[in-house]
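Colleague: Before I use these labels, I would like to hear what each one rests on. Show me the structure and let us go through them.

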Amino acid sequence: VADAIAAYAEADMLCYRAPHPRTLADRQAEAWDPWLDWAERRHGARMVRAEGVMHVAQPPEAVEALLDACFEGGPPTGLVNNAGANFISRTEDLSVRAFDAVAGIVMRGTYMVTHAAGRRWIEARAPGAVVSILTTRLRTGAPFSTPSTMAKAAVESMTRSLALEWGRHGIRLNAIAPGEIPTEGMSARLRPGEVPGAATAAVNP
């Protein structure tokens, strides 16, 4: 259970809540608060809850506590980085806070968990493997979502750099860009009004 929570701890919806409608906020609290309460009781990992999508940095000691829990029964063999955030906006209209909201989740969150896991693998003299999820927009460009693409580029750079640096420790790092995953949530944010997956299917049926 701890490893599942750790994957969300720094940068996903376990801690980020919808401010409205109230019924949705209540459902989120009912589903997710017990896990956060358990993590604090069992592992001393107190995570910060926030409303909206603005990035809120989680206490590094809380993330460390969750990673400690993941390694309690022996080093895990792998880590998948899938932190993602985005919203559509003209770049000239973005504030610094808006940029930080996306970059903090995608770049900072990915780095923190990778760093914490890598350090433990090295200390334990254990091999490990990291797979990070990128985006095809790194190659094509992505108008109106510059912060997300920039942050994913940073994750690609981290992957290349740490593959060279940590390879001697038996730690492998790779990244993949699987393309669009047509979910309702993704389509509502990035392609409002379209049937999920329709744009991709039109290009590649």
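**Labels and their cut-offs**

Modeller: E156 has 16% relative accessibility and so counts as buried. The model is a predicted one, where local features need pLDDT of at least 70, side-chain atom pairs count only at pLDDT 80 or more, and totals for chains, interfaces and linings use all residues. Residues are numbered from 1 along each chain as its sequence is written, and side-chain values use heavy atoms, with hydrogens and water left out.

Colleague: Why is E156 called buried at 16% relative accessibility?

Modeller: Buried means under 20% relative accessible area, exposed means over 50%, and partly exposed is in between (1.4 Å probe, protein chains only). At 16%, E156 therefore counts as buried. R160, at 55%, counts as exposed.

Colleague: What makes E156 and R160 a salt bridge?

Modeller: The term requires a side-chain nitrogen of Lys or Arg within 4 Å of a carboxyl oxygen of Asp or Glu. In E156 and R160 the closest N and O atoms are 3.5 Å apart, and the pair forms a salt bridge. Both residues are in helix α6 (residues 146-166), four residues apart, so about one helical turn separates them. A helix here is a DSSP run of H or I with at least four residues, a strand is a run of E with at least two, and both are numbered from the N terminus.

Colleague: How many salt bridges does this rule give?

Modeller: The count is eleven. One of them joins R120 and E64, with the closest N and O atoms 2.6 Å apart.

Colleague: Which accessibility classes do R120 and E64 fall into?

Modeller: R120 has 9% relative accessibility and so counts as buried. E64, at 23%, counts as partly exposed.

Colleague: What does the salt bridge between R120 and D68 tie together?

Modeller: The side chains of R120 and D68 meet at 2.7 Å, N to O. Because R120 lies in helix α4 and D68 in helix α3, the pair ties together parts that are 52 residues apart in sequence. D68 has 43% relative accessibility and therefore counts as partly exposed.

Colleague: And the protein as a whole?

Modeller: The protein has eight helices and five strands. Buried residues make up 39% of its 205 residues.
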